[in-house]
Amino acid sequence: MRRILGVNTWVWTSPVTDASLPAIAAKAADLGFGAIELPIEQPGDWDPHRARDVLAEHRLRAYVVGAMAPGRNLVAAPASEIVRTQNYLARCITAAAVLGSPIVAGPFTAATGRTWRMTDTDRAEAYDSLRASLTPVVARAEREGVRLAIEPLNRYETSLINTVDQALDALEPLLGPALGIALDSYHLNIEEKDVAAAVRTAGRHIAHVQVCGTDRGAVGDDHADWPGFLDALDDAGYTGPLNLESFTGDNDTIATAASIWRPLAASQDALAARTFDYLTRLQNDREDHR
């Protein structure tokens, strides 16, 4: 199965804006990508109607991702904070509908980097609270024809949902046409004992997939079993894009948030190009052997 390849604007900048998007979209298209992930760090950073026109010019499919900045929490937080987070996600969903993005993906549980210890009872209560907070957001997504995709993160970035099994436990019974799971190869590599098995377990609930090398660098310059990963996605029935999510170390805020302490490639363009070339060759080879 051949999947479209995409790239997140975080590879080059943070936040993306109306001013910076045209050059980034042109670069992504020139490198060969067919899709682009647009993060909404703060609503208003970029206009969805303008972005739609820019992406159409370069024939790029749009995928919206959200960011759980400090103060964005759906559990273990004051009611006013939960409402603000729900409103933020509603704006992400509306932007996606304008853009034609079928997905809004992100770690939509608690602020990234917020961790705390939980007993089994605490965890069950947190998952109950999460489902209650998500219910109106999922209903909003369903009305607007968008699917929310919640991403498990590694243990250093959250203590709520680290694995596919935890995601399935936390998100039932909301999983369905308006809610799925976003898989990020970086977090899978840290948390799953068997990445391919975890992908197959997620199965039909996979709504979105992000990829990068195991060091957050280029795909293919690392120790991951990428042929096995694609085989598992085939078995799971996932037909969506493979979107590169990495980060620039040139921006102090994003470099600190993503722990980018050294260059991950000769340049950010090289990181994106190496990923595109490797995944293109891998998909070509897989087709040639079928």
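In this predicted model, helices H1 and H2 are roughly parallel to each other, because angles under 35 degrees count as such and their axes cross at roughly 30°. Helix H1 spans residues 21–31 and helix H2 spans residues 48–57, and the two axes come within 9 Å. The crossing in which H1 passes H2 is right-handed. On the H1 side, the contact is made by Leu 21, Pro 22 and Ala 25, and on the H2 side by Ala 51, Val 54 and Leu 55. Sorted by class, this contact has 6 nonpolar residues, with no polar and no charged residues. The spacing of such residues has a simple background: an α-helix has 3.6 residues a turn, so residues three or four places apart point the same way.

Attention now turns to the strands. Strand S3 (residues 61–66) runs parallel to strand S4, and 2 bridges join them. Within this pairing, Val 65 stands opposite Ala 105 of S4. Strand S4 (residues 103–106) is covered on both faces. One side carries Ile 103 and Ala 105, the other carries Val 104 and Gly 106, and all of these residues are buried.

A further helix to explore is H5, made up of residues 164–171. Of its 8 residues, 6 are buried, so H5 is largely enclosed by the rest of the structure. The buried residues of H5 are Val 164, Gln 166, Ala 167, Leu 168, Ala 170 and Leu 171. Their cover includes helix H4 (120–143), helix H6 (185–191) and helix H7 (195–202), together with strands S5 (147–150) and S6 (179–184).

Definitions and conventions
Residues numbered from 1 in each chain as written. Predicted model: local features only at pLDDT ≥ 70, side-chain atom pairs only at ≥ 80, totals over all residues. Heavy atoms only, no water. Axes fitted to C-alpha atoms, helices over the stretch in contact; angles between N-to-C directions. Helix = DSSP H or I, 4+ residues; strand = E, 2+ residues; numbered from the N terminus. Parallel < 35°, antiparallel > 145°, perpendicular 65-115°, else oblique. Left-handed = near helix turned anticlockwise from the far one by under 90°. Contact = heavy atoms within 4.5 Å. Nonpolar A, V, L, I, M, F, W, Y, C, P; charged D, E, K, R; others polar. Buried < 20%, exposed > 50% of the residue type's maximum accessible area, 1.4 Å probe, protein only. Pairing = 2+ DSSP bridges.
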